[in-house]
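Let's take a walk through a protein model together. Have the sequence and the 3D view open, and look things up as you read.

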Amino acid sequence: MENTTQIVSFVLAAYGNIGHLKYLYFIIILLWYLLIFVANSVLIVVIFRDRRLHQPMYIFLCSLFVNEIFGSTSMYPCLLSQMFSDTHEVSVTNCFLQILFLYTSVSVEYCNLAAMAYDRYISICYPLHYSVIMTSGRVCTIILLVWVYSFVKLAFTFSLPFHFTFCGNIIDKVFCDLQLVSNLACSVSTFHSVLDLLFGIITIALPLIPISFSYLKILIVCLQTSREAKRKAICTCTPQIVSLLNLCCGCFFDMFQSRSNVAHIPSTLRVVLSVYLLICQPVLSPIMYGLTLSKIRNACKRFLLNRK
């Protein structure tokens with residue numbers, strides 16, 4: 001007979017026994033989290049203060065930087081607290097909250113990149129109508145829809161597994177994962193399995209449709225324009241494409257580890273792959289946009305040097 005004892009907490013087994021290295025890991029994780037927080041916060045403040053950056057593309061970037069902080073804060077404080085824990089336990093409620101926030105962050109990231117791709121599509125393909133189509137009110141509405149849509153969709157999706165009866169509490173990761181938590185359930189209905197698949201399609205595949213459409217149209221237009229116009233289009237679109245590719249790689253690593261038998265992979269590599277997305281993406285975004293886009297780069301110089 002299956003053990004259906006009431007589970008009140010999960011054990012994050014991937015930490016293992018790290019001994020005195022926990023102090024080194026704690027310092028590295030803390031410094032990395034501070035770097036993420038400061039880098040994204042500086043760019044948000046710079047865009048907010050510089051009126052020359054009060055344009056749709058940079059407003060979308062503000063939303064992206066806010067999401068990088070939001071997603072990182074969903075995981076890094078937990079990592080830091082678990083470094084000095086002997087049991088590495090996390091309550092069921094906190095585990096599901098972490099899953100909700102992490103998956104919401106991923107959904108917002110994809111949808112935000114889709115909105116930015118649409119913005120570049122209008123700017124490059126319909127430059128004369130850009131100011132009419134991408135008004136401040138429409139941009140704010142798109143950003144609001146991105147966040148509300150992600151929260152509502154994921155809150156509904158996670159309301160079902162929250163009521164599962166669990167027959168185990170060992171999660172082989174350093175943070176809570178929906179698929180691994182679902183695997184601990186004593187029974188999973190066909191409806192939930194289908195819903196889980198639908199959730200993945202909606203979260204990842206659905207935003208890729210407008211992204212692919214936008215960049216395909218941009219490519220067609222660039223092939224018919226001058227070299228200078230091509231260069232400008234490449235400069236503005238490259239950071240978004242790099243961010244998208246890195247996001248897709250991070251999601252692939254996470255889904256591969258959660259849905260495959262990875263016992264043959266070294267434990268250290270498994271941990272790195274599982275947190276790859278939340279290590280690289282929050283730092284990659286401010287680096288790519290802060291260094292590549294000349295307007296933001298110059299605005300940062302003015303801000304840091306206190307020049308008008």
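A word on the ground rules. This is a predicted model, in which local features need pLDDT of at least 70, side-chain atom pairs count only at pLDDT 80 or more, and totals for chains, interfaces and linings use all residues. Residues are numbered from 1 along each chain as its sequence is written, and side-chain values use heavy atoms, with hydrogens and water left out.

**Helix H3 and its partner**

Start with helix H3, residues 92–125. Helices here are DSSP runs of H or I with at least four residues, strands are runs of E with at least two, and both are numbered from the N terminus. H3 has 34 residues, and its first and last C-alpha atoms are 49 Å apart. That is close to the 50 Å expected at 1.5 Å a residue, where the expected span is 1.5 Å times one less than the number of residues.

How many of the 34 residues of H3 are buried? The count is 27, so H3 is largely enclosed by the rest of the structure. Buried means under 20% relative accessible area, exposed means over 50%, and partly exposed is in between (1.4 Å probe, protein chains only). Isoleucine 122 lies in H3, and with a relative accessible area of 4% this isoleucine is buried.

Now bring in helix H2, residues 56–82. Two packed helices are described by the angle between their axes and the distance between the axes. The axes of H2 and H3 come within 9 Å and cross at roughly 165°. An axis is a line fitted to C-alpha atoms, for helices over the stretch in contact, and angles run from 0 to 180 degrees between N-to-C directions. H2 and H3 are therefore roughly antiparallel to each other; angles over 145 degrees get that name, those under 35 count as roughly parallel, 65 to 115 as roughly perpendicular, and the rest as oblique. The contact of H2 with H3 involves 13 nonpolar, eight polar and four charged residues. In this sorting, Ala, Val, Leu, Ile, Met, Phe, Trp, Tyr, Cys and Pro are nonpolar, Asp, Glu, Lys and Arg are charged, and the others, Gly among them, are polar.

**What the record says**

UniProt, in an unreviewed entry, places the feature "transmembrane region" at several stretches, including residues 130–152 and 233–256. Its positions are given in the numbering used here, feature names are shortened, and annotations may be inferred rather than shown by experiment. In the model, residues 130–152 are 91% helix and 0% strand, with end C-alpha atoms 30 Å apart. Residues 233–256 are 100% helix and 0% strand, and their end C-alpha atoms lie 34 Å apart.

**Some single residues**

Histidine 88 sits in the loop between H2 and strand E2 (89–91). Its phi is positive, about 55°, although it is not a glycine. At 9% relative accessibility, histidine 88 is buried. Leucine 180, in helix H6 (residues 178–183), counts as buried at 17%.

| Pair | Apart in sequence | C-alpha to C-alpha |
|---|---|---|
| Leucine 180 and glutamine 257 | 77 residues | 9.7 Å |
| Glutamine 55 and valine 139 | 84 residues | 9.3 Å |
| Isoleucine 122 and serine 187 | 65 residues | 48 Å |
| Tyrosine 130 and cysteine 95 | 35 residues | 44 Å |
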